Amino acid sequence: MAREFQRGHKAKVSDLTSGTDLYVGVQIAGPGLTFDISCFGLDADEQLSDDRYFIFFNQPKSPEESIQLLGAQAGDTESFRVTLDRIPANIHKLSFTATLDGAGQMSQVGPGYIRIVAGGEEVVKYAFTGSEFTTERAVMLGDFYLKDVWRFAAVGQGFDGGLDALLKNFGGEVAEEAPAAPSQDAPPAFAPPSQASAPPAFGAPAAPQAPQPAPAFGAPSAPAPAPQQPPVHAAPTIAAPMAPQAPAPYGQPSQQPQFGQIPGQGAPPAAPPYGQQPPAAPPYGQQPPVPFGQQPPGLPHGVPQGVPAAGAGLQAALQPYKEAATGQRWTSQNQQLMRVDLTMGGMPVLARQGSMVMYQGKVDFGYKGAGFAGRMVGNATGQEMQLMRCTGRGQVFLAEEGAHLHPIELQGDGICVSAENVLAFDESLQYEVRRIEGHGIPGGALFTMQFQGTGTVVVKTHGVPVVLPVTPTTFADCNAVVAWSSASQVIVSSQVRLRRNAYPGHSGETVNLQFRGAPGNFVVVQPYEV
């Protein structure tokens, strides 16, 4: 399962993956900016004592090819191949850095990351944004370091100078030295492999380890043919495992020890045992839905297909419920659970008190008071919201009583939502109580909350709502309406009754609202009356 690191987080590589042949990807970009992404192989004193281990565009690999520069691919600005068990004993740290080539500063960069991929599966990612830096021209992104075992640390430390200053900091000499080029040609034995690109070189010297690295670069089960497969990369990885999951998603879970298509095909005759197995193993009684979960892995989680084949059935059972990290500020984990990443956007979130079900990182929760005037208005209109303020650096998971959650992003426009249906929203949004006039309504009016500005508001509904366009004949029960576009005109319907059962044969409907507006306006209704 991929882990998301914050600045300063550290972990043993063995806790992240059993593989030692790893793919390291770096994504960094900014308008009009050009970057040099490098890897420094440092000794025990954190110095570049051997400049052959300064891996950059002019020196794309170390002598024994334990560190290789692969270039841009898979959405990464730059990528490396690192084989930890082939790194010489005198190298104690690998520091991955990004420096500006030309004018600019690190505060101008957009969202970026450094990630580690093993066997085709992303195992850890550290995400950062330009708001974390100021005038720096370089940043140290992440380190592999040797402390009894190899470990990985998310660094995220800015550096005032550029590549030259960074090189001096690590004890290197600043001069586009020729020694780097000779050092490439120095080991003639590696010249033939370099013609076939980096992966072939790994195929020969480390045949037993090649099966692990190959998947990260495309061919999990065929390390030997790697010489001609590097350009193809990921194609074989998905094609091979996909077949076992698609044919028999339901049969495989109950025959987890076998994990094969043939056992899965033999499952139909053994259908009765499936019915008996859940009771026989209650913990696995919830795994029959897991077979359904083996279908999602074919969707966004296609990469981990190899995991069930090599591991226990528990991994296959949990696979469909893995945290979904999309790199966006707001991400739906499922219909009833919402994840907000406070590190994205750099602004607090206001959420309904008690709606937090879990969080990761350093997050502070504080009471958000409405003030005396706000409480008075809230009590008088029924639109009072008891809120908490979420700040810090981490991810917060929100939910409430299994309600369906819908993130609605506003970009300068507005939406009206009943306070009862608001779960959370960005603090950057402006909100106020809006009055809906109506004759014959008890109290003289109805009220709703209006949100405007740029940001996201999370609306909760009972069940799956329906969104209708506003027309001159659009009516809705005020107890079922969830939200509508703020540009819509709302009129109280003439079919208003003060008492629901005022006379025999009454329909039971009390207050209906009529919506009017230009094309593009909408109203959201839930299949439930408050």
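**Reading salt bridges and a covered strand**

Visitor: How many salt bridges does the structure hold?

Guide: A salt bridge is a side-chain nitrogen of Lys or Arg within 4 Å of a carboxyl oxygen of Asp or Glu. The structure holds 17 salt bridges. This is a predicted model, where local features need pLDDT of at least 70, side-chain atom pairs count only at pLDDT 80 or more, and totals for chains, interfaces and linings use all residues. Residues are numbered from 1 along each chain as its sequence is written, and side-chain values use heavy atoms, with hydrogens and water left out.

Visitor: Which side chain meets Glu4 in a salt bridge?

Guide: That of Arg339, at 2.8 Å, N to O. Arg339 lies in strand β14 (residues 337–341) and Glu4 in strand β1 (residues 3–5), so the pair ties together parts 335 residues apart in sequence. Strands (E, at least two residues) and helices (H or I, at least four) are DSSP runs, numbered from the N terminus.

Visitor: Is Arg339 buried or exposed?

Guide: Buried means under 20% relative accessible area, exposed over 50%, and partly exposed in between (1.4 Å probe, protein chains only). Arg339 counts as buried, at 1%, whereas Glu4 is partly exposed, at 25%.

Visitor: What joins Glu4, Glu323 and Arg339 into one network?

Guide: Salt bridges that share partners. The side chain of Glu323 also meets that of Arg339, at 2.7 Å, N to O.

Visitor: How many residues of strand β19 are buried?

Guide: Five of the five residues of β19 (422–426) are buried. Two strands pair if DSSP finds at least two bridges between them. Strand β15 (residues 349–352) and β19 pair in the antiparallel sense over three bridges; the bridge partner of Ala351 is Ala424 in β19.
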